[in-house]
Amino acid sequence: MATLANQPFVKMNGLGNEIVVVDLRRQTARVGADEARAAAQPEGAPYDQMMVLHAPRTPGTDAFVRIYNNDGSEAGACGNGMRCVAELMFKETGKPALTFETPAGILNSWKDARPLFSTVDMGPPRFAWNEIPLSEPFQDTRAIELQIGPIDQPILHSPSVVSMGNPHAVFWVDDVNAYDLGRFGPLLENHPMFPERANITLADVRSRQHIVIRTWERGVGLTQACGSAACATAVAAARLRKVDRKVTITLPGGDLEIEWRERDDHVLMTGPVAFEFEGRFDPALFSAAGAA
């Protein structure tokens with residue numbers, strides 16, 4: 001039987017970034033890609049990311065978290081999803097601060113004074129071309145040679161690239177809604193420059209403390225909010241001296257507060273989450289998808 005068959009879940013969102021949380025801490029089974037895709041179908045619990053909790057692997061951590069995109073692929077980081085997980089475990093444990101392990105490393109989270117708000121330490125960004133990764137060397141990843149459209153009049157060009165546990169390319173524009181991101185997003189996500197694909201963000205810097213973005217999320221598509229993209233954009237803009245190290249990022253779903261902390265290079269993301277409903281996965285969902 002599929003791991004997710006009859007498994008309870010909690011449906012949440014972070015600024016409209018649709019999240020499903022599944023608790024497998026008392027099991028040893030792992031969710032397969034076919035199951036993850038099946039769970040995201042309309043008859044299941046449609047999501048952008050599914051956060052699956054496993055028993056801690058490292059002493060001092062509260063859980064190990066695997067992150068699945070709705071196409072069944074695994075992600076290294078999901079800031080909005082981590083806030084959802086943290087909110088559930090704040091309630092369960094009564095702790096004001098938690099430590100999680102993810103495929104991208106150790107992440108700390110702590111409650112905000114505002115209800116349903118929390119902060120996640122997303123760790124330090126990575127800028128080296130082979131850490132992002134890119135398919136060819138670039139000494140300076142603040143702007144790389146990549147464009148969409150005619151050579152003499154490119155539609156999008158010269159993105160900043162950075163890893164926040166997953167690859168991001170940020171294109172600087174004057175109006176994030178002036179481009180057909182639904183059309184260009186898949187082409188850029190799967191561009192040969194990105195051997196592990198990439199999250200594609202359009203960013204409009206409004207002031208030293210404010211950026212507006214839209215993101216095509218790797219393995220998901222257009223999304224209301226992508227926390228790691230907000231972090232990547234804030235860092236990339238600060239590297240170019242476009243903004244200060246503490247900014248508000250406005251996404252289609254709302255605002256995130258991002259700080260690239262100078263003393264240790266870590267990126268802190270603060271924002272809200274919302275509960276939608278609880279449910280249980282129907283076993284027939286996975287049989288029909290061949291994931292039983």
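How much space lies in the largest cavity? The model is predicted, with local features needing pLDDT of at least 70 and side-chain atom pairs pLDDT 80 or more, while totals for linings use all residues. Residues are numbered from 1 along each chain, and side-chain values use heavy atoms, without hydrogens or water.

The largest cavity holds about 50 Å³. A cavity is a set of points on a 1 Å grid where a 1.4 Å probe fits but cannot get out; a pocket is an open set with protein on both sides within 12 Å along at least five of seven lines; lining residues have an atom within 4 Å of a point. A volume is the space filled by probe spheres set on the points. One cavity of 30 Å³ or more is counted.

| Space | Volume | Lining residues by class |
|---|---|---|
| Largest cavity | about 50 Å³ | four nonpolar, four polar, two charged |
| Largest pocket | about 200 Å³ | nine nonpolar, one polar, four charged |

The cavity lining includes Gln 49, Cys 78 and Arg 218. In the largest pocket, Val 10, Val 21, Val 22, Asp 23 and Leu 88 are the closest to the centre among 14 lining residues. Helix H2 (79–93) and strands S1 (8–14) and S2 (17–23) each supply at least two residues of this lining, and H2 gives the largest share, four residues.

Ser 109 is found in strand S7 (residues 105–111). Ser 109 counts as buried (under 20% relative accessible area) because its relative accessibility is 1%. A polar atom of its side chain lies 3.0 Å from the backbone oxygen of Thr 119. Beyond neighbours within four places in sequence, Ser 109 is in contact (heavy atoms within 4.5 Å) with residues including Ala 86, Phe 90 and Val 120.

Note on methods: Ala, Val, Leu, Ile, Met, Phe, Trp, Tyr, Cys and Pro count as nonpolar, Asp, Glu, Lys and Arg as charged, and the others, Gly among them, as polar. Buried means under 20% relative accessible area, exposed over 50%, partly exposed in between (1.4 Å probe, protein chains only). A polar contact is a pair of N or O atoms within 3.5 Å; within protein, one must be able to donate a hydrogen and the other to accept it, and residues adjacent in sequence count only if both atoms are side-chain atoms.
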